[in-house]
Every structure is written in structure tokens, then in C-alpha cells.
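Here is a short report on one chain. Please look at the sequence and the structure first; the notes follow.

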Amino acid sequence: MEYNMKYPLNMSVYDSKAPNPECIVCHKDLAKSKTYWFTWEGLLLNSEDGSEVSDTLHVGMSWNIGFHGDENKNEYMSVDLVDDNEHSCIDFKFCSIQCMRIWLNNLLNDCETLFQEKLGEKQE
């Protein structure tokens, strides 16, 4: 199951407060099934050098995948997967590990294609 994703991903893909949560791959209703997820949370260092999750302070989130090659050839690229300056927590929810794997593989395939295009342009 492959589908096209546009980056950065829009909030509907990871909105943890969505009224009808569904698997972002197969769209199964997660209110009626097990849920698998991975999360990015904004953390703040507290005075004891630890960290704590902040729901009250606006921190924003970002997530990107990139590569860095030969600096002389300007071989650098980064894909902004998520750029959310409004939320301190981003959840990606799935009905199964299989759907999570499909989504992550598609995401990495997209990035690989973009990186190859970038490197291909540099090799001409």
C-alpha cells in the first residue's frame, strides 16, 4: 500500500485530538481497536537538570530527515517532515505494527527518492 505524502505533513495526519481517530495508513477506526503510535513531545529542562513534558508552554515541534555529503559539492539536503509551531506533542497513530512499518517505509522511500534526485543533479 503506497500513497503520496506531501511534506511537511499536515496536521490532520498527526492531530492527537482528532474526534474520530483512525489509522493513518488503512483508516481503521482506532476507537474500536488497539493503537500503536510514536510521539514527539516538547520537553523542557527543569531546575534539577531533568526534563518534563510541557502542555502549557508553547514550544512547537519539528522533525526532518536529511543527508550531508561532500561539502565542496554542496551535497546537503533536509526534508521537513513535520513543521508545527503550534503543538508541543505530535502523535502518529496506527492500528498495527504492520501499518506503522508501511507508513515509515513509504516515508523513507520518499526521502530516498528526493535525495537521489538531489545527488543526481549534482553528478551531471
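A nonpolar core is a set of buried Ala, Val, Leu, Ile, Met, Phe, Trp, Tyr and Cys residues joined through side-chain atoms within 4.5 Å. Buried means under 20% relative accessible area, exposed means over 50%, and partly exposed lies in between (1.4 Å probe, protein chains only). This is a predicted model: local features need pLDDT of at least 70, side-chain atom pairs count only at pLDDT 80 or more, and totals for chains, interfaces and linings use all residues. Residues are numbered from 1 along each chain as its sequence is written, and side-chain values use heavy atoms, with hydrogens and water left out.

**The core**

The largest nonpolar core holds 26 residues. W63, F92, F94 and W103 have the most contacts inside this core. Strand 4 (61–68), strand 5 (76–84), strand 6 (89–94) and helix 2 (97–123) each supply at least two of its residues. Helix 2 gives the largest share, 6 residues. Helices (H or I, at least four residues) and strands (E, at least two) are DSSP runs, numbered from the N terminus.

**Around E22**

E22 sits in the loop between helix 1 (11–14) and strand 1 (36–41). Which residues does E22 contact, leaving aside its neighbours within four places in sequence? They are H27, K28, L30 and K93. Contact here means heavy atoms within 4.5 Å. The side chains of E22 and H27 also make a polar contact at 2.8 Å. A polar contact is a pair of N or O atoms within 3.5 Å; within protein, one must be able to donate a hydrogen and the other to accept it, and residues adjacent in sequence count only if both atoms are side-chain atoms. E22 and C95 are 73 residues apart along the chain, yet their C-alpha atoms are separated by 7.8 Å.

**Cysteines and the salt bridge**

A disulfide is counted when two cysteine sulfur atoms lie within 2.5 Å. The count is 0 disulfides. For C26, the nearest cysteine sulfur is that of C95, 3.5 Å away.

The structure has 1 salt bridge, meaning a side-chain nitrogen of Lys or Arg within 4 Å of a carboxyl oxygen of Asp or Glu. K32 forms this bridge with D29, and the closest N and O atoms are 4.0 Å apart.

Accessibility of the residues discussed:

| Residue | Relative accessible area | Class |
|---|---|---|
| E22 | 39% | partly exposed |
| C26 | 32% | partly exposed |
| D29 | 32% | partly exposed |
| K32 | 73% | exposed |
| C95 | 14% | buried |
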